[in-house]
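These are my notebook entries on one structure.

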Amino acid sequence: MAKIIRTAHTEPFVEKPDDDMIICRCEEITKGEIRRAVYDGMSTMNEVKRYLRSGMGLCQGQTCQRLVQNIIAAEMKMKPTEVGMIQGRSPVRPVEIGIFSNNKTDVKEE
Amino acid sequence: MKRHELIVIGAGPAGLSAAIEAKKSGMDVIVFDENSRPGGQLFKQIHKFFGSKEHHAKERGFKIGESLLAEAEELGVKVELNATVMGIYENKEVTVKMNGEVDHFKADKIIIATGAAENMIPFKGWNIPGVIGAGAAQAMMNLQGVKPGSKILMVGSGNVGLVVSFQLLQAGCEVAAVIDAAPRVGGYGVHAAKVARTGVPFYLSHTVIEAKGTDHVSGAVIAEVDSHFQPIPGTEKELDVDTICIAVGLSPMSQLASNAKCDMALIPQKGGNVALLSEYGETNIKGIYCAGDVAGIEEASSAMIQGRSVASHVCYSLGYITEEEFNTKYDSYQEALGKLRMGMFAPANKGRNDFTVTDEGYPISKNLLAKGYMTEEELENFPAYNYKKAGVHPIIECTQNIPCNPCQDACPKKCIKVGENITMLPQIDEEQGCIGCGLCVASCSGQAIFLMDETSDPDGVLISFPYEFLPLPEVGDKGTALSRSGAPVCEAVITDVKKTKVMDKTAVVTMRVPHEFKNSARFYKPV
Amino acid sequence: MIEKRTADVIIIGGGIMGCSTAYRLAKLGLDVIVLEKKEIGNGGSCRNAGGVRQSARDPKELQLAMYAVANIWPTLSEELGVNVEYHQKGNIRLGLTEKDVKILENHTAKSTKVGLDVKMISGDEAREICPYMSDEIIAASWCPTDGHANPLKTTLGFYKRALDLGVTFISGVEVLGIKKIKGEARIVETDDGDYEGGQILLCAGYDSRRIANTVGIDAPVERQVNEVLVTEAMPHMFDIMLGVAGGEFYGHQSEHGSFVLGGNSGLQAFTSNTDHFMTNSLTAPCISRGIMKYFPCLKNVKVVRTWAGYYDQCIDVLPIIDNIKEVPGLTVAFGFSGHGFGISPAVSIALSELMTTGKSTTIDISQLGYDRFKSKG
């Protein structure tokens, strides 16, 4: 990650007409919430994700990642390539706990 | 622990091609795919592909899928279906959900060929049912046999948007408009032209700003955008549609590479977040490779070659082929890829909009980019359009440098020439006589070749054009001839309908129109 | 604008200890810079299961937990202006076997001795508290004042409030070492040049040891990978914090509805340890098997992701929170051994007192000194 200096904003948060538009459909996060999170100091994809849950849903951000990157970049006046990306996590497709527990590889005999 | 020399993740064009290449060398390879059938997106592609003859051009996508599968089967490539790779761990271990449990496999090499997913654009109401990806619409029509809606707005004029628009028309849907926020049609002009001539309007520099409706889309509001892609107030227009198809590009499905902790980067030219790759397609984690759309969005034709190219490096590094054999293979694959990657639509030119002339120096049609069809005046600049002679002869309305050359092989008289560089425009060899067989018309994946005969019929001009709609017209039918923009121009009488096996379901229909409409009548609408 | 490089206090590490202490020091009127190598809360602060627990803690750090639960957690959301999703509905620790019961009884006895409200309950009583549990559970320990919170929101909430109070955070800067000036720790050397503070707080998780080494201070802290799995959102089932005597898993259902359940494979101390939070293929299945033993009703709930984090595991499983006497100006807080989150709001009080008055008076941390490690006799 590039160096980012973070200080509190001196000017107030300005709402925009399309702030109520849903961006992350899995977690129902709006554009306004993302803009507000950036205003609150969240400066990277991961920080916004941790603060709001954007990209934490079933699709792991496959649908919204680019959109969120663009919004953060616009608010931070950075390039979308500079705000980071969501870490792909296993399981990349949702898997039931029961099926996970069926894994018998290298289980110790009781 | 179960172990294979090579694990391929994804049985689409790239993955299957990679597995075939590896298996041919004698390697122990297994392919996992989460779907219930292999082939990736190929099986929903019912249109004829572009490219060169050696690489499946003019074959329909699903046919290419079938032949890839047959090749894999013949070689005994093991393809596990309904097998979802969940993660890639250290020491090239993968976990796979299959048969109700989680299985572990290790490999010496892994090729990630997971493809891509559709992009979305947000607008008011974009989460209402009825807003769907164009690829999803295509799957509904061509795999499940379900119409996605009856009146459709297509958002995006790239090749996916154009191809799917045409297929929606074929399925009997009405396409209310194709719109794009960019000021120019993004996909091949020939794809746009075949949609435009059915009467579908194109609105460039337009975006969708709202999906109307509560439980289902009941309309769409579009508006013109300024040079910063911001809607211009007062330009809103409401379209009566029940479905909004989004075709605004694809993003690599690269989560597994990221999960494996490969070095990643957002590279807009590659369509999104991708693993950083060596020239051989290897990530920074030795032995983990990416091939196909997951490595960067391209066409299926490139994905197949890329799959083979990457696999050849795997074969070499596991000692199945010599360095010399590898170099020969690698060079030939790169040469083939190079051919596909030439021309104005090459990946390297993604985002460029400053082309004003073709490689041959002909001025590019502005109307084609703005409205989806060319004007007669613009076509006059192209020799293959202007070629005039007595009796039947082709006229070719192919005016952009796209990688495609089936027309050159289609003509039994060798009347059409593209040459070594497959992005060059087809030229007509005046020495050779056209016999009016129509094979060039049917072979052109862009449906941009017509036959004209001004002299054989005393009652008018005979114009033959490609036709892929059912029911087919019959000889003697009377209807309306349509212009390139789909506007009615005159009455037309069907004089011939050719339908042979080699034409592969593209009928060549001939209509007779009065002489004065010879340069404007290009399509036909039954009464 | 001139880039800010000096402050009253330089804090190394933008995790929950750094963010919360920055907040408290700024409230006291100090000028603070926080240096973070990656992103805010990237380490254990955002990689834990959110336990706010007093039970089963070593009496030496129990005061921190009890103080935080009594005085800070209940009103923290209002204090920070961010919903930290704190729920104080008790911690239940479950047992399936007689051996488990012995472990639980042992913990319970220790905790009651220092005045914590913990008791043993029967399997049926446990099922009355949480009806979703397996019939196989024969006993449990129960601490009604324990709870859980959202570690991501808490860490970033402290960060946001610290920003509001004028703290400067600089991320993407890696600390290379600490330099002394005339006998006192003053300079923080980074890959982005030097930063200078009147005092330095080192709270960089397992990286702290490497940085402390640059001024000749060492502590027996190693990192150890642990993992958490997160499920899809489910309808609300319970608010209690869960643990099991056998240690197969721990966690809770979040406000969002997802279950956040942590655990390990038993091999974690010796799994190959890459530098980038790599999960192990065996761990999530292991946690899942644990869950199935106690909560078979969660069988069809889908896991949507797993992630790994590092404990900065101290040899006695207790944190080091102290002013370093040999290096005046340097205060440290690390080695939280996987249970720092719940006590963090109290740790930051202790740290702010240590750094401003030289002594933690509100909470006794005298047994968490850096010089407590002795060789065997």
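**Entry 1: Domains of chain B**

I looked up the spacing of two domains and found the C-alpha centres of domain 1 and domain 3 of chain B 39 Å apart. I note at the outset that the model is predicted. The contact between these two domains takes 11 residues from domain 1 of chain B and 10 residues from domain 3 of chain B. On the domain 1 side of chain B that touches domain 3, I read five charged, four nonpolar and two polar residues. For the bounds, I took the domain assignment of chain B, which gives domain 1 as 2–117 + 250–340, domain 2 as 120–246 and domain 3 as 375–526.

**Entry 2: Domains of chain C**

I then turned to chain C, where the assignment gives domain 1 (6–47 + 152–220 + 316–368) and domain 2 (91–144 + 222–314). I found their C-alpha centres 30 Å apart. In the contact, 16 residues of domain 1 of chain C meet nine residues of domain 2 of chain C. I sorted the domain 1 side of chain C that touches domain 2 by class and recorded eight nonpolar, six polar and two charged residues.

**Entry 3: Chain A against chain C**

How many residues does each of chain C and chain A bring to their contact? I recorded 41 residues from chain C and 31 residues from chain A. On the side of chain C that touches chain A, α6 (151–164), β8 (168–171), α8 (283–294) and β16 (302–314) of chain C each supply at least two residues. Of the elements on that side of chain C, α6(C) gives the most, with seven residues. By class, the side of chain C that touches chain A holds 19 nonpolar, 11 polar and 11 charged residues.

I also checked for strand pairing between the two chains. Strand β1 (residues 4–6) of chain A pairs with β8(C) in the antiparallel sense over three bridges. Within this pairing, I noted A:Ile4 opposite C:Ser171 in β8(C). As background, strands of a sheet pair through backbone hydrogen bonds, either parallel or antiparallel.

**Entry 4: Chain A against chain B**

**Entry 5: A sheet in chain B**

I traced an open, antiparallel sheet of three strands in chain B, in the order β12-β13-β14. Its edge strands are β12 (206–212) and β14 (237–239) of chain B, each pairing on one side only. The twist averages 30 degrees from one strand to the next. I found three bridges joining β13 (residues 219–224) of chain B to β14(B). B:Val221 stands opposite B:Glu238 in β14(B).

**Entry 6: Nonpolar cores**

I looked up the largest nonpolar core and found 318 residues in it; B:Ile111, B:Leu153, B:Cys245 and C:Ile12 have the most contacts inside it. Helix α7 (residues 300–317) of chain B gives the most to this core, with nine residues. Leaving aside neighbours within four places in sequence, I listed the contacts of B:Cys245, among them B:Ile132, B:Ala134, B:Leu153 and B:Val164. A second, separate core has five residues, including C:Met278 and C:Tyr310.

**Entry 7: Backbone geometry**

Where do the cis peptide bonds lie? I recorded one joining A:Ser90 and A:Pro91, with omega about -5 degrees. A:Pro91 is in the loop between α3 (65–76) and β4 (95–96) of chain A. Another cis bond runs from B:Leu470 to B:Pro471, with omega near -5 degrees. I placed B:Pro471 in the loop between β24 (461–467) and β25 (478–482) of chain B.

A:Gln60 has phi near 55 degrees and sits in the loop between α2 (45–52) and α3 of chain A. Is A:Gln60 buried or exposed? I count A:Gln60 as buried because it has 24 C-beta neighbours inside 10 Å. B:Asn82 has a positive phi of about 50 degrees and lies in the loop between β3 (78–80) and β4 (84–89) of chain B.

Notes
Residues numbered from 1 in each chain as written. Chains lettered and ligands numbered in written order. Predicted model: local features only at pLDDT ≥ 70, side-chain atom pairs only at ≥ 80, totals over all residues. Helix = DSSP H or I, 4+ residues; strand = E, 2+ residues; numbered from the N terminus. Buried ≥ 20, exposed ≤ 12 C-beta atoms within 10 Å, placed from the backbone. Domains from an automatic or database assignment. Contact = placed C-beta atoms within 7 Å. Nonpolar A, V, L, I, M, F, W, Y, C, P; charged D, E, K, R; others polar. Pairing = 2+ DSSP bridges. Axes fitted to C-alpha atoms, helices over the stretch in contact; angles between N-to-C directions. Core = buried A, V, L, I, M, F, W, Y, C linked by C-beta atoms within 7 Å.
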